[in-house]
Amino acid sequence: MKMLLILTSILFLQPSAPAAEAPFELRDGDRVVLLGGTLIERDQSYGHLETALTARWPGRSITFRNLGWSGDTVFGHARAGFGTTTEGFQHLKEQVAASRPTVLLVAYGAVESFDGAEGLPRFVEGLNTLLDAVATTKARVVLLAPNPHEDLGPPLPNPASHNRDLALYRDAIRDVANHRGYRLIDLFDALRNHPDAPLTNNGIHLTDRGARAFADAVLRGLGLEPSKWSVSVDATRKDVTAQGATVRDLEAVADRVRFRVLDDTLPGPAASRTLRIAGLAPGHYTLTIDGQPVADADAGAWARGVTLTQGPEFETLKRLRTAIGRKNTLFFYRWRPQNETYLFGFRKHEQGQNAAEVPRFDPLVAEQEKAVEGLRKPVEHAYELKKGINRR
(Lines give C-alpha, C1' and ligand atoms only; values in the text may rest on other atoms or scores of the structure.)
Protein backbone atom coordinates (compact mmCIF):
# COMPACT_ATOMS: atom_id res chain seq x y z
CA MET A 1 0.00 0.00 0.00
CA LYS A 2 2.84 2.35 0.92
CA MET A 3 4.60 1.61 -2.37
CA LEU A 4 1.37 2.30 -4.28
CA LEU A 5 1.07 5.70 -2.59
CA ILE A 6 4.67 6.53 -3.50
CA LEU A 7 4.16 5.56 -7.13
CA THR A 8 0.93 7.56 -7.29
CA SER A 9 2.71 10.60 -5.87
CA ILE A 10 5.48 10.30 -8.45
CA LEU A 11 2.97 10.13 -11.27
CA PHE A 12 1.23 13.27 -10.07
CA LEU A 13 4.56 15.06 -9.78
CA GLN A 14 5.52 14.28 -13.39
CA PRO A 15 5.15 17.26 -15.71
CA SER A 16 2.23 16.87 -18.05
CA ALA A 17 2.91 16.59 -21.76
CA PRO A 18 2.65 19.97 -23.51
CA ALA A 19 -0.62 20.52 -25.31
CA ALA A 20 -0.39 20.34 -29.08
CA GLU A 21 -0.43 23.73 -30.75
CA ALA A 22 -3.66 24.59 -32.47
CA PRO A 23 -3.42 24.96 -36.25
CA PHE A 24 -2.36 28.43 -37.35
CA GLU A 25 -5.13 29.72 -39.60
CA LEU A 26 -5.06 32.66 -41.94
CA ARG A 27 -8.10 34.89 -41.56
CA ASP A 28 -10.19 36.71 -44.08
CA GLY A 29 -8.43 39.99 -44.86
CA ASP A 30 -4.99 38.86 -43.68
CA ARG A 31 -1.88 40.36 -45.29
CA VAL A 32 0.97 37.85 -44.99
CA VAL A 33 4.48 39.32 -45.27
CA LEU A 34 7.40 36.97 -45.84
CA LEU A 35 10.62 38.43 -44.47
CA GLY A 36 14.11 37.00 -44.70
CA GLY A 37 17.07 36.33 -46.94
CA THR A 38 17.71 34.17 -49.98
CA LEU A 39 15.27 31.41 -49.02
CA ILE A 40 12.40 33.91 -49.01
CA GLU A 41 13.44 35.94 -52.06
CA ARG A 42 13.85 32.82 -54.24
CA ASP A 43 10.51 31.44 -53.11
CA GLN A 44 8.62 34.23 -54.86
CA SER A 45 9.74 32.71 -58.17
CA TYR A 46 8.55 29.21 -57.27
CA GLY A 47 5.38 30.31 -55.51
CA HIS A 48 4.55 26.90 -54.04
CA LEU A 49 4.13 28.15 -50.48
CA GLU A 50 1.93 31.10 -51.38
CA THR A 51 -0.11 28.93 -53.74
CA ALA A 52 -0.67 26.29 -51.07
CA LEU A 53 -1.73 28.84 -48.45
CA THR A 54 -3.99 30.65 -50.93
CA ALA A 55 -5.70 27.42 -52.00
CA ARG A 56 -6.14 26.29 -48.41
CA TRP A 57 -8.86 28.88 -47.72
CA PRO A 58 -10.59 29.58 -51.05
CA GLY A 59 -13.34 31.63 -49.43
CA ARG A 60 -10.98 34.03 -47.64
CA SER A 61 -9.34 37.10 -49.10
CA ILE A 62 -5.65 36.71 -48.17
CA THR A 63 -2.85 38.71 -49.78
CA PHE A 64 0.90 38.15 -49.67
CA ARG A 65 3.96 40.36 -49.92
CA ASN A 66 7.43 38.88 -50.31
CA LEU A 67 10.13 41.08 -48.76
CA GLY A 68 12.96 38.57 -49.08
CA TRP A 69 16.38 39.97 -49.93
CA SER A 70 19.18 37.58 -50.85
CA GLY A 71 22.03 37.58 -48.37
CA ASP A 72 20.09 39.58 -45.81
CA THR A 73 20.51 39.27 -42.05
CA VAL A 74 18.54 40.36 -39.00
CA PHE A 75 20.67 43.52 -39.11
CA GLY A 76 19.53 44.49 -42.62
CA HIS A 77 22.97 44.16 -44.20
CA ALA A 78 21.73 43.44 -47.73
CA ARG A 79 19.26 46.32 -47.65
CA ALA A 80 21.90 48.95 -46.91
CA GLY A 81 22.80 49.52 -50.56
CA PHE A 82 25.55 52.12 -50.57
CA GLY A 83 24.70 53.13 -47.00
CA THR A 84 25.46 51.80 -43.55
CA THR A 85 24.07 48.75 -41.80
CA THR A 86 22.07 51.10 -39.60
CA GLU A 87 20.46 52.51 -42.73
CA GLY A 88 19.81 48.99 -43.99
CA PHE A 89 17.98 48.11 -40.79
CA GLN A 90 15.96 51.31 -41.09
CA HIS A 91 15.01 50.31 -44.65
CA LEU A 92 13.96 46.88 -43.37
CA LYS A 93 11.65 48.43 -40.76
CA GLU A 94 10.16 50.84 -43.28
CA GLN A 95 9.55 48.08 -45.83
CA VAL A 96 7.72 45.94 -43.29
CA ALA A 97 5.60 48.86 -42.07
CA ALA A 98 4.71 49.87 -45.64
CA SER A 99 3.47 46.34 -46.37
CA ARG A 100 0.91 46.52 -43.52
CA PRO A 101 1.27 42.90 -42.34
CA THR A 102 -1.21 41.10 -40.15
CA VAL A 103 0.98 37.96 -40.30
CA LEU A 104 4.78 37.89 -40.47
CA LEU A 105 6.77 34.83 -41.50
CA VAL A 106 10.34 35.63 -40.45
CA ALA A 107 13.21 33.47 -41.78
CA TYR A 108 16.71 34.47 -40.68
CA GLY A 109 19.77 32.68 -39.36
CA ALA A 110 21.15 31.05 -42.51
CA VAL A 111 23.69 33.77 -43.34
CA GLU A 112 24.43 34.47 -39.69
CA SER A 113 25.20 30.78 -39.06
CA PHE A 114 28.51 31.16 -40.90
CA ASP A 115 29.70 33.13 -37.87
CA GLY A 116 29.51 29.90 -35.89
CA ALA A 117 28.95 29.60 -32.17
CA GLU A 118 30.82 32.85 -31.51
CA GLY A 119 28.21 34.78 -33.46
CA LEU A 120 25.20 33.38 -31.61
CA PRO A 121 24.86 36.07 -28.91
CA ARG A 122 24.99 38.84 -31.51
CA PHE A 123 22.46 37.04 -33.70
CA VAL A 124 20.02 36.53 -30.83
CA GLU A 125 20.34 40.19 -29.87
CA GLY A 126 19.76 41.22 -33.47
CA LEU A 127 16.76 38.92 -33.88
CA ASN A 128 15.14 40.29 -30.75
CA THR A 129 15.84 43.85 -31.87
CA LEU A 130 14.18 43.11 -35.21
CA LEU A 131 11.15 41.47 -33.58
CA ASP A 132 10.81 44.41 -31.20
CA ALA A 133 10.90 46.78 -34.18
CA VAL A 134 8.19 44.97 -36.17
CA ALA A 135 6.01 44.46 -33.08
CA THR A 136 4.48 47.87 -33.79
CA THR A 137 2.60 46.27 -36.70
CA LYS A 138 0.79 43.99 -34.20
CA ALA A 139 1.16 41.18 -36.74
CA ARG A 140 1.01 37.54 -35.69
CA VAL A 141 4.59 36.29 -35.98
CA VAL A 142 5.90 32.89 -37.05
CA LEU A 143 9.64 32.19 -36.95
CA LEU A 144 11.31 29.84 -39.44
CA ALA A 145 14.58 28.11 -38.58
CA PRO A 146 16.94 27.79 -41.57
CA ASN A 147 16.98 24.72 -43.78
CA PRO A 148 19.91 22.27 -43.47
CA HIS A 149 23.03 22.36 -45.62
CA GLU A 150 22.47 19.42 -47.95
CA ASP A 151 25.34 17.02 -48.64
CA LEU A 152 25.65 16.69 -52.42
CA GLY A 153 29.12 15.16 -52.29
CA PRO A 154 32.39 16.32 -53.89
CA PRO A 155 33.41 18.71 -55.29
CA LEU A 156 31.05 20.61 -52.99
CA PRO A 157 32.25 20.96 -49.38
CA ASN A 158 31.28 18.57 -46.60
CA PRO A 159 28.45 20.35 -44.76
CA ALA A 160 28.81 18.52 -41.43
CA SER A 161 30.47 21.43 -39.61
CA HIS A 162 28.05 23.99 -41.01
CA ASN A 163 25.08 21.84 -40.05
CA ARG A 164 26.31 21.76 -36.47
CA ASP A 165 26.26 25.55 -36.50
CA LEU A 166 22.86 25.65 -38.20
CA ALA A 167 21.51 23.41 -35.43
CA LEU A 168 22.84 25.87 -32.85
CA TYR A 169 21.08 28.76 -34.59
CA ARG A 170 17.91 26.72 -34.91
CA ASP A 171 17.99 26.10 -31.15
CA ALA A 172 18.54 29.80 -30.50
CA ILE A 173 15.58 30.75 -32.71
CA ARG A 174 13.47 28.19 -30.86
CA ASP A 175 14.41 29.79 -27.55
CA VAL A 176 13.42 33.21 -28.85
CA ALA A 177 10.13 31.81 -30.16
CA ASN A 178 9.36 30.13 -26.84
CA HIS A 179 10.20 33.26 -24.87
CA ARG A 180 7.95 35.43 -27.04
CA GLY A 181 5.17 32.88 -27.48
CA TYR A 182 5.67 32.64 -31.25
CA ARG A 183 5.26 29.52 -33.33
CA LEU A 184 8.48 28.01 -34.70
CA ILE A 185 8.72 26.09 -37.96
CA ASP A 186 11.84 23.92 -37.82
CA LEU A 187 12.97 23.67 -41.45
CA PHE A 188 16.28 22.21 -40.31
CA ASP A 189 14.66 19.00 -39.09
CA ALA A 190 11.80 19.01 -41.60
CA LEU A 191 14.06 19.05 -44.67
CA ARG A 192 16.98 17.02 -43.33
CA ASN A 193 17.12 13.52 -44.85
CA HIS A 194 14.02 14.34 -46.86
CA PRO A 195 12.69 11.44 -49.00
CA ASP A 196 12.58 13.68 -52.08
CA ALA A 197 16.24 14.71 -51.82
CA PRO A 198 18.17 16.30 -53.40
CA LEU A 199 16.31 19.52 -52.67
CA THR A 200 19.04 22.03 -53.56
CA ASN A 201 21.32 22.82 -56.47
CA ASN A 202 24.37 23.60 -54.35
CA GLY A 203 23.56 22.28 -50.88
CA ILE A 204 21.89 25.51 -49.74
CA HIS A 205 19.58 27.01 -52.38
CA LEU A 206 16.33 25.14 -52.97
CA THR A 207 15.30 23.87 -56.38
CA ASP A 208 11.67 23.69 -57.50
CA ARG A 209 11.45 20.28 -55.83
CA GLY A 210 12.95 21.75 -52.69
CA ALA A 211 10.49 24.64 -52.79
CA ARG A 212 7.63 22.13 -52.89
CA ALA A 213 9.09 20.36 -49.86
CA PHE A 214 9.55 23.74 -48.16
CA ALA A 215 5.88 24.60 -48.74
CA ASP A 216 4.79 21.26 -47.31
CA ALA A 217 7.08 21.74 -44.29
CA VAL A 218 5.65 25.19 -43.58
CA LEU A 219 2.06 23.96 -43.79
CA ARG A 220 2.85 21.07 -41.45
CA GLY A 221 4.69 23.46 -39.13
CA LEU A 222 1.56 25.58 -39.01
CA GLY A 223 -0.36 22.49 -37.93
CA LEU A 224 -2.14 22.17 -41.28
CA GLU A 225 -2.35 18.55 -42.34
CA PRO A 226 -2.36 17.72 -46.06
CA SER A 227 -5.82 18.05 -47.54
CA LYS A 228 -7.62 14.76 -48.12
CA TRP A 229 -9.91 14.07 -51.03
CA SER A 230 -11.73 10.81 -51.52
CA VAL A 231 -14.88 9.87 -53.37
CA SER A 232 -16.41 6.40 -53.11
CA VAL A 233 -19.22 5.34 -55.40
CA ASP A 234 -21.18 2.09 -55.33
CA ALA A 235 -22.60 1.63 -58.81
CA THR A 236 -24.87 -1.18 -57.64
CA ARG A 237 -26.41 0.56 -54.65
CA LYS A 238 -26.18 3.98 -56.34
CA ASP A 239 -24.78 5.71 -53.31
CA VAL A 240 -21.73 7.88 -52.73
CA THR A 241 -19.56 9.08 -49.85
CA ALA A 242 -17.08 11.93 -50.17
CA GLN A 243 -14.38 13.69 -48.17
CA GLY A 244 -13.06 17.04 -49.30
CA ALA A 245 -15.72 17.40 -51.98
CA THR A 246 -19.45 17.55 -52.63
CA VAL A 247 -20.89 15.05 -55.13
CA ARG A 248 -24.28 15.31 -56.83
CA ASP A 249 -26.28 14.01 -59.81
CA LEU A 250 -25.03 10.42 -59.57
CA GLU A 251 -26.05 8.18 -62.48
CA ALA A 252 -24.76 4.60 -62.30
CA VAL A 253 -25.20 1.53 -64.45
CA ALA A 254 -22.99 -1.53 -64.75
CA ASP A 255 -20.66 -0.11 -67.40
CA ARG A 256 -20.92 3.66 -66.86
CA VAL A 257 -20.96 6.04 -63.91
CA ARG A 258 -21.56 9.78 -64.03
CA PHE A 259 -21.58 12.44 -61.31
CA ARG A 260 -20.60 16.03 -60.66
CA VAL A 261 -17.96 17.09 -58.12
CA LEU A 262 -17.25 20.38 -56.38
CA ASP A 263 -14.00 20.25 -54.40
CA ASP A 264 -13.63 22.02 -51.07
CA THR A 265 -10.16 23.26 -52.10
CA LEU A 266 -7.70 22.90 -54.94
CA PRO A 267 -5.10 20.13 -54.48
CA GLY A 268 -2.43 21.09 -51.96
CA PRO A 269 1.15 19.83 -51.54
CA ALA A 270 1.27 16.17 -50.52
CA ALA A 271 -2.49 15.95 -51.06
CA SER A 272 -3.96 12.52 -51.77
CA ARG A 273 -6.92 12.15 -54.15
CA THR A 274 -8.50 8.71 -54.35
CA LEU A 275 -11.53 7.71 -56.41
CA ARG A 276 -13.17 4.36 -55.66
CA ILE A 277 -15.99 2.95 -57.77
CA ALA A 278 -17.38 -0.44 -56.82
CA GLY A 279 -20.01 -2.57 -58.52
CA LEU A 280 -18.68 -2.26 -62.06
CA ALA A 281 -19.00 -5.07 -64.57
CA PRO A 282 -15.62 -6.69 -65.37
CA GLY A 283 -13.53 -4.83 -67.91
CA HIS A 284 -11.37 -1.77 -68.44
CA TYR A 285 -12.69 1.73 -67.70
CA THR A 286 -11.54 5.26 -68.51
CA LEU A 287 -12.28 8.25 -66.31
CA THR A 288 -12.91 11.57 -68.03
CA ILE A 289 -13.38 14.90 -66.28
CA ASP A 290 -15.17 17.51 -68.35
CA GLY A 291 -14.68 15.18 -71.30
CA GLN A 292 -10.89 14.93 -70.93
CA PRO A 293 -9.31 11.49 -70.21
CA VAL A 294 -7.63 11.46 -66.80
CA ALA A 295 -7.07 7.83 -65.72
CA ASP A 296 -7.86 4.29 -66.78
CA ALA A 297 -7.84 0.96 -64.93
CA ASP A 298 -9.77 -2.26 -64.70
CA ALA A 299 -12.89 -2.72 -62.58
CA GLY A 300 -10.94 -4.34 -59.75
CA ALA A 301 -8.52 -1.41 -59.50
CA TRP A 302 -11.37 1.10 -59.48
CA ALA A 303 -13.03 -0.84 -56.65
CA ARG A 304 -9.81 -0.70 -54.63
CA GLY A 305 -9.25 2.98 -55.42
CA VAL A 306 -7.28 4.84 -58.08
CA THR A 307 -5.07 7.81 -57.18
CA LEU A 308 -5.76 10.85 -59.33
CA THR A 309 -2.71 12.94 -60.20
CA GLN A 310 -4.08 15.08 -63.00
CA GLY A 311 -7.26 16.75 -64.12
CA PRO A 312 -8.80 20.24 -64.34
CA GLU A 313 -8.27 20.88 -60.62
CA PHE A 314 -4.52 20.43 -61.08
CA GLU A 315 -4.57 22.66 -64.17
CA THR A 316 -6.36 25.37 -62.20
CA LEU A 317 -3.72 25.06 -59.50
CA LYS A 318 -1.00 25.65 -62.12
CA ARG A 319 -2.84 28.72 -63.41
CA LEU A 320 -3.17 29.98 -59.84
CA ARG A 321 0.57 29.60 -59.27
CA THR A 322 1.27 31.38 -62.55
CA ALA A 323 -0.91 34.33 -61.52
CA ILE A 324 0.84 34.44 -58.14
CA GLY A 325 4.21 34.42 -59.90
CA ARG A 326 3.19 37.34 -62.12
CA LYS A 327 1.95 39.27 -59.10
CA ASN A 328 5.21 38.64 -57.25
CA THR A 329 7.27 39.82 -60.22
CA LEU A 330 5.27 43.02 -60.54
CA PHE A 331 5.47 43.68 -56.81
CA PHE A 332 9.23 43.09 -56.94
CA TYR A 333 9.53 45.76 -59.63
CA ARG A 334 7.40 48.01 -57.44
CA TRP A 335 9.48 47.86 -54.27
CA ARG A 336 12.91 46.99 -55.71
CA PRO A 337 13.29 48.60 -59.16
CA GLN A 338 16.56 47.53 -60.76
CA ASN A 339 17.66 51.12 -61.33
CA GLU A 340 16.72 52.41 -57.89
CA THR A 341 20.10 54.15 -57.56
CA TYR A 342 19.05 56.41 -60.43
CA LEU A 343 15.46 56.73 -59.24
CA PHE A 344 15.92 57.22 -55.50
CA GLY A 345 19.66 57.08 -54.74
CA PHE A 346 22.66 59.31 -55.13
CA ARG A 347 22.23 59.46 -58.94
CA LYS A 348 18.59 60.48 -58.91
CA HIS A 349 19.63 63.84 -60.34
CA GLU A 350 20.05 61.94 -63.63
CA GLN A 351 16.76 59.96 -63.87
CA GLY A 352 14.88 60.80 -60.70
CA GLN A 353 11.99 62.20 -62.67
CA ASN A 354 11.15 58.60 -63.68
CA ALA A 355 10.45 57.64 -60.06
CA ALA A 356 6.88 58.80 -60.65
CA GLU A 357 6.36 55.72 -62.81
CA VAL A 358 7.03 53.22 -60.01
CA PRO A 359 3.57 53.53 -58.36
CA ARG A 360 2.06 52.57 -61.72
CA PHE A 361 2.85 48.97 -60.81
CA ASP A 362 0.18 49.09 -58.09
CA PRO A 363 -2.84 48.59 -60.41
CA LEU A 364 -0.93 45.84 -62.24
CA VAL A 365 -0.36 44.02 -58.94
CA ALA A 366 -4.04 44.51 -58.07
CA GLU A 367 -5.05 43.05 -61.44
CA GLN A 368 -3.10 39.85 -60.77
CA GLU A 369 -4.54 39.62 -57.26
CA LYS A 370 -7.99 39.79 -58.82
CA ALA A 371 -7.01 36.86 -61.05
CA VAL A 372 -5.79 34.97 -57.97
CA GLU A 373 -9.12 35.62 -56.27
CA GLY A 374 -10.99 33.99 -59.15
CA LEU A 375 -8.67 31.03 -59.51
CA ARG A 376 -8.47 30.03 -55.85
CA LYS A 377 -12.15 29.02 -55.72
CA PRO A 378 -12.88 25.48 -57.02
CA VAL A 379 -15.59 25.03 -59.64
CA GLU A 380 -17.79 22.04 -60.33
CA HIS A 381 -16.63 19.37 -62.79
CA ALA A 382 -18.37 16.52 -64.62
CA TYR A 383 -16.90 13.05 -63.95
CA GLU A 384 -17.66 10.04 -66.12
CA LEU A 385 -16.30 6.51 -65.87
CA LYS A 386 -17.03 4.52 -68.99
CA LYS A 387 -16.12 1.04 -70.13
CA GLY A 388 -13.35 0.98 -72.71
CA ILE A 389 -9.93 2.56 -73.12
CA ASN A 390 -9.71 6.20 -74.18
CA ARG A 391 -6.12 6.72 -75.26
CA ARG A 392 -4.73 9.95 -73.85
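This is a predicted model: local features need pLDDT of at least 70, side-chain atom pairs count only at pLDDT 80 or more; totals for chains, interfaces and linings use all residues.
Residues are numbered from 1 along each chain as its sequence is written, and side-chain values use heavy atoms, with hydrogens and water left out.

Let me start with the chain as a whole. The protein chain contains 13 helices and 14 strands, where helices (H or I, at least four residues) and strands (E, at least two) are DSSP runs numbered from the N terminus. Of its 392 residues, 46% are buried, and buried here means under 20% relative accessible area, with exposed being over 50% and partly exposed in between, for a 1.4 Å probe and protein chains only. The chain exposes about 20100 Å², of which carbon and sulfur atoms supply 53%; these areas come from the Shrake-Rupley method with a 1.4 Å probe, and for residues only the protein chains shown count as cover. If we take contacts, meaning heavy atoms within 4.5 Å, between residues at least 6 apart in sequence, then 73% of them join residues at least 24 apart.

Now to the cores. A nonpolar core is a set of buried Ala, Val, Leu, Ile, Met, Phe, Trp, Tyr and Cys residues joined through side-chain atoms within 4.5 Å. The largest has 33 residues, and the members that touch the most others are Leu104, Tyr108, Leu130 and Leu143. Two or more residues come from each of β1 (31-36), α4 (85-99), β3 (103-107), α5 (120-134), β4 (140-145), α6 (160-180) and α10 (312-335), and α5 gives the most, with six residues. Apart from this core lies another, of 29 residues, which includes Leu105, Leu144, Phe214 and Leu219.

A cavity is a set of points, on a 1 Å grid over the protein atoms alone, where a 1.4 Å probe fits but cannot get out, and lining residues have an atom within 4 Å of a point. Grid points are joined across faces, edges and corners, and a volume is the space filled by probe spheres set on the points. The largest cavity has about 60 Å³ of space, and helix α3 (residues 48-56) supplies the largest share of its lining, three residues. The second largest cavity has about 50 Å³, and its lining residues include Leu34, Gly47, Glu50 and Asn328. Here β2 gives the most to the lining, with three residues.

Which residues does Glu313 touch beyond its neighbours within four places in sequence? Glu313 is in contact with Asp263, Leu266, Pro267, Arg273, Ile289, His381 and Tyr383, and Glu313 lies in helix α10, where it is buried with a relative accessible area of 3%. Ile324 also has its place in helix α10 and counts as buried at 1% relative accessibility. Not counting residues up to four places away in sequence, Ile324 touches Glu50, Thr51, Thr54 and Val372, and its C-alpha atom is separated by 6.7 Å from that of Gly47, 277 residues apart along the chain.

Technical notes: On a 1 Å grid over the protein atoms alone, a cavity is a set of points where a 1.4 Å probe fits but cannot get out, and a pocket is an open set with protein on both sides within 12 Å along at least five of seven lines; lining residues have an atom within 4 Å of a point.
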